[in-house]
Amino acid sequence: MLDPTGGGWADRRLCSYGGRVRLTEFGNLVLTEFGQARGDAIVADHSLLSLGNRTPVQAIEDGQDPRDVWRALCVEFDVPPERRLGPDD
């Protein structure tokens, strides 16, 4: 479950990561762009060549800034520039 604040992948796999605000923002961006099921699969299973052939979860666990991981996902999945910052409120 892609819920970085409520017991999802972030709490299980990235509990040692100190940047909760940025990690929460990363999770929200992934959820908004890809949806729950696809987002969960992407962050857990999709290897990104630009991040050393690591999954997003592995890259963040290894200390990669979630902002950089999000940018890599945007490039990999051709997220249009107007959607890279999330929805307008």
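Modeller: The discussion below moves from the overall fold to one helix, then to a pocket, and finally to individual residues. The model is predicted: local features need pLDDT of at least 70 and side-chain atom pairs count only at pLDDT 80 or more, while totals for chains, interfaces and linings use all residues. Residues are numbered from 1 along each chain as its sequence is written, and side-chain values use heavy atoms, with hydrogens and water left out.

Colleague: How many helices and strands does the protein chain have?

Modeller: Elements are DSSP runs numbered from the N terminus, a helix being H or I with at least four residues and a strand E with at least two. On that basis the protein chain has five helices and zero strands, and its pattern along the sequence reads α-α-α-α-α.

Colleague: What percentage of the residues of the protein chain count as buried?

Modeller: Relative accessible area decides this: buried is under 20%, exposed is over 50%, and partly exposed lies in between (1.4 Å probe, protein chains only). Of the 89 residues in the protein chain, 38% count as buried.

Colleague: Which residues of helix H3 are buried?

Modeller: Helix H3 covers residues 36-45, and Gly39, Asp40, Ile42 and Val43 are buried there. One looks down the axis and takes the arc of the directions from the helix axis to the C-beta atoms. For H3 the buried residues fall within an arc of 165°, so they line one face of the helix. Ala37 and Asp45, on the other side of H3, are exposed.

Colleague: Which residues line the largest pocket?

Modeller: On a 1 Å grid over the protein atoms alone, a pocket is an open set of points with protein on both sides within 12 Å along at least five of seven lines, whereas a cavity is a set where a 1.4 Å probe fits but cannot get out; lining residues have an atom within 4 Å of a point. The largest pocket is lined by Arg22, Glu25, Phe26, Leu29, Pro66, Arg67, Trp70, Arg71, Cys74, Arg84 and Leu85. Helix H2 (20-34) and helix H5 (66-76) are the elements that give two or more residues to this lining. H5 gives the most, with five residues. The volume of the largest pocket is about 270 Å³, taken as the space filled by probe spheres set on the points, which are joined across faces, edges and corners.

Colleague: How many residues of each class does that lining hold?

Modeller: Ala, Val, Leu, Ile, Met, Phe, Trp, Tyr, Cys and Pro count as nonpolar, Asp, Glu, Lys and Arg as charged, and the others, Gly among them, as polar. The lining has six nonpolar, no polar and five charged residues.

Colleague: With which side chain does the side chain of Glu33 make a polar contact?

Modeller: A polar contact is a pair of N or O atoms within 3.5 Å; within protein, one must be able to donate a hydrogen and the other to accept it, and residues adjacent in sequence count only if both atoms are side-chain atoms. The side chain of Glu33 pairs in this way with that of Arg83, at 2.7 Å. Glu33 is in helix H2, whereas Arg83 lies in the segment after H5 and is partly exposed at 42% relative accessibility. The two are 50 residues apart in sequence and 7.8 Å apart in space, C-alpha to C-alpha. Not counting residues up to four places away in sequence, Glu33 touches Trp70, Val79 and Arg83. With neighbours within four places likewise set aside, Arg83 is in contact with Glu33 and Trp70.

Colleague: With which residues is Arg54 in contact, leaving aside its neighbours within four places in sequence?

Modeller: Arg54, in the loop between H3 and H4, is in contact with His46, Ser47, Leu48, Ala59, Asp62 and Gln64. Its side chain also makes a polar contact with the side chain of Gln64 (3.2 Å).

Colleague: Where is Asn53, which has a positive phi?

Modeller: Most residues other than glycine have a negative phi. Asn53 has a phi near 60° and lies in the loop between H3 and helix H4 (56-61); it is partly exposed, with a relative accessible area of 47%. Asp78 also has a positive phi, near 50°. Asp78 is found in the segment after H5 and is exposed, at a relative accessible area of 65%.

How values were computed. Contact = heavy atoms within 4.5 Å.
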